[in-house]
Amino acid sequence: MKNFSTQSNFQNQPEKDQNPEAKQEGEGDGEESEEKARCEWDFSLSTVVSSNTAGAVANALGVLEFDSSGWLLATGGIARKIRVYALNSLLAAEHNIGTLDHNSACEYCICTPARLSSLRWNPGSGGRVMGSGDYDGVIMEYDLERKVPIFERDEHGGRRVWSMDYWHWDPVVGASGSDDGTMQMWDPRCDDNSSGGGNCVARVQPSAARSPVCCVEFNPFGGALVVVGCADSKTYGYDVRKMADPVLVLDGHSRAVTYVRFIDHQTMVTSSTDGCLKLWHTEDRSLIRTYKGHLNRRRFVGLSAWRGGGLMACGSESNQVFVYDKRWGDPIWVHGFEPMADPGFDPGFVSSVCWRQVAGEDGCTLVAGGSDGVLKVFQGKKMVF
């Protein structure tokens, strides 16, 4: 999983000078003022899926992804396996907490050649194809019905791939970001000779210092915007039709930008190892709000946005999962994971989160994974006041 057992290059990036006497968040910096946060949701733990491995380091979860239907969940991480679960098998009866283990709970698994840092369901494959990025710098696609790899590219010089995604306008086209400081777009339909090698159709280096690219995200609402977060603390947006220069640069974090997620077609949230989430307008590049409460200084702790409900979730190095409402800067709900029992191991942290993207405003499903390999499923219901 991301940055669990090794130090990452982005951790060595300099932190911006922080003045303790600087203005408070929201005072004259363009952020919207707000009322006190309140929780309008009743969250409950539905199921716990644990590992049979002592210490569970080998099953640490680095990435969680629901398919477009919301009924299949894929996980990846240190174990060199893509595990696929049916949501129905994970949801316990109401008022009961189910306890399962990974081997019996998952529908099937696919062994991979390296540790996984990123997974994406191909949006144009009807749930049949999944892409992955790994610690060896390789992008692979798998046919999930046959459980075999169908595409492979290694154009990041063996440097770790932190993130990959698919363009929703043309879901055959994908992009990947790596420790080599580049974001590359690729198309399996292009042969190596015509595309300049490795099916690459575009390559950009956002940071002049070649800082690692930690995350890549196409706008899931359509359009030609692809956004990357870098270890230089900035977020860059590119028009895929003309990749020479970024069309937007967001500069508000003080450390590496580790995740980018879209809330709607012109609003997105970024996460950083400065311990903050930030909400931005993509049209005018303005900062809307900063979210604080979780602990994040060294590791990838996950970020997911439930677009239908305006909620965001992230993990924490305090071994907790946090939920924020986009309207308020403070968390509205926090749940702690149990620390690893063996005193010889790191106490653990919540390393991955994912909302189920479904229509409806009265209920939601959130899954969170830990560095101990434990997967938790939460159900949320809108409270009536």
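Trainee: How much of the protein chain is buried?
Mentor: Buried residues account for 57% of the 385 residues in the protein chain. Keep in mind that this is a predicted model.

Trainee: And how many helices and strands does the protein chain have?
Mentor: The count is 3 helices and 29 strands.

Trainee: What share of the contacts comes from residues 24 or more positions apart?
Mentor: Among contacts in the protein chain with a separation of 6 or more, 51% are between residues 24 or more positions apart.

Trainee: Let's do sheets. What is the order of strands in the open sheet of 5?
Mentor: The order is S5-S1-S29-S28-S27, and the pairing is mixed. Strand S5 (98–101) and strand S27 (350–355) are the edge strands, each pairing on one side only. From one strand to the next, the twist averages 25°.

Trainee: How do S28 and S29 pair?
Mentor: Strand S28, residues 363–370, and strand S29, residues 375–382, run in the antiparallel sense and share 7 bridges.

Trainee: What about the open sheet of 4 strands?
Mentor: That one has the order S23-S24-S25-S26 with antiparallel pairing. Strand S23 (303–306) and S26 are at its edges with a single partner strand each, so one side of each has no neighbour in the sheet. The strands next to one another in this sheet are turned by 15° on average, direction ignored.

Trainee: Are the faces of S24 covered or uncovered?
Mentor: Both faces are covered. Leu-311 and Ala-313 are buried on one side, Met-312 and Cys-314 on the other.

Trainee: Which strand has one covered face and one uncovered?
Mentor: Strand S18, residues 248–251. Leu-248 and Leu-250 make up the covered face, Val-249 and Asp-251 the uncovered one. In a regular strand, side chains alternate between the two faces of the sheet.

Trainee: What does S18 pair with?
Mentor: Strand S17, residues 234–239, in the antiparallel sense over 4 bridges. Gly-237 has Leu-248 of S18 as its bridge partner.

Trainee: Changing topic. Which residues have the most contacts inside the largest nonpolar core?
Mentor: Phe-43, Leu-311, Val-321, Val-323, Trp-355 and Leu-366, in a core of 20 residues. Strand S1 (41–50), strand S24 (311–314), strand S25 (320–325), strand S26 (331–336), S27 and S28 each give two or more residues to this core.

Trainee: Aromatics next. How many pairs turn up in the whole structure?
Mentor: The search finds 15 aromatic pairs. In one of them, the rings of Tyr-291 and Tyr-324 have centres 5.7 Å apart and planes at 65°, so the pair is edge-to-face. Tyr-291 lies in strand S22 (residues 287–292) and Tyr-324 in strand S25, so the pair ties together parts that are 33 residues apart in sequence.

Trainee: Are Tyr-291 and Tyr-324 buried or exposed?
Mentor: Both Tyr-291 and Tyr-324 are buried.

Trainee: Which residues do ring pairs link into a cluster?
Mentor: The cluster consists of Trp-41, Phe-43, Trp-306, Trp-333, Trp-355 and Phe-378.

Notes: Residues numbered from 1 in each chain as written. Predicted model: local features only at pLDDT ≥ 70, side-chain atom pairs only at ≥ 80, totals over all residues. Heavy atoms only, no water. Pairing = 2+ DSSP bridges. Axes fitted to C-alpha atoms, helices over the stretch in contact; angles between N-to-C directions. Core = buried A, V, L, I, M, F, W, Y, C linked by side-chain atoms within 4.5 Å. Buried < 20%, exposed > 50% of the residue type's maximum accessible area, 1.4 Å probe, protein only. Phe/Tyr/Trp six-rings, centres within 6.5 Å; stacked < 30°, edge-to-face > 60°. Contact = heavy atoms within 4.5 Å.
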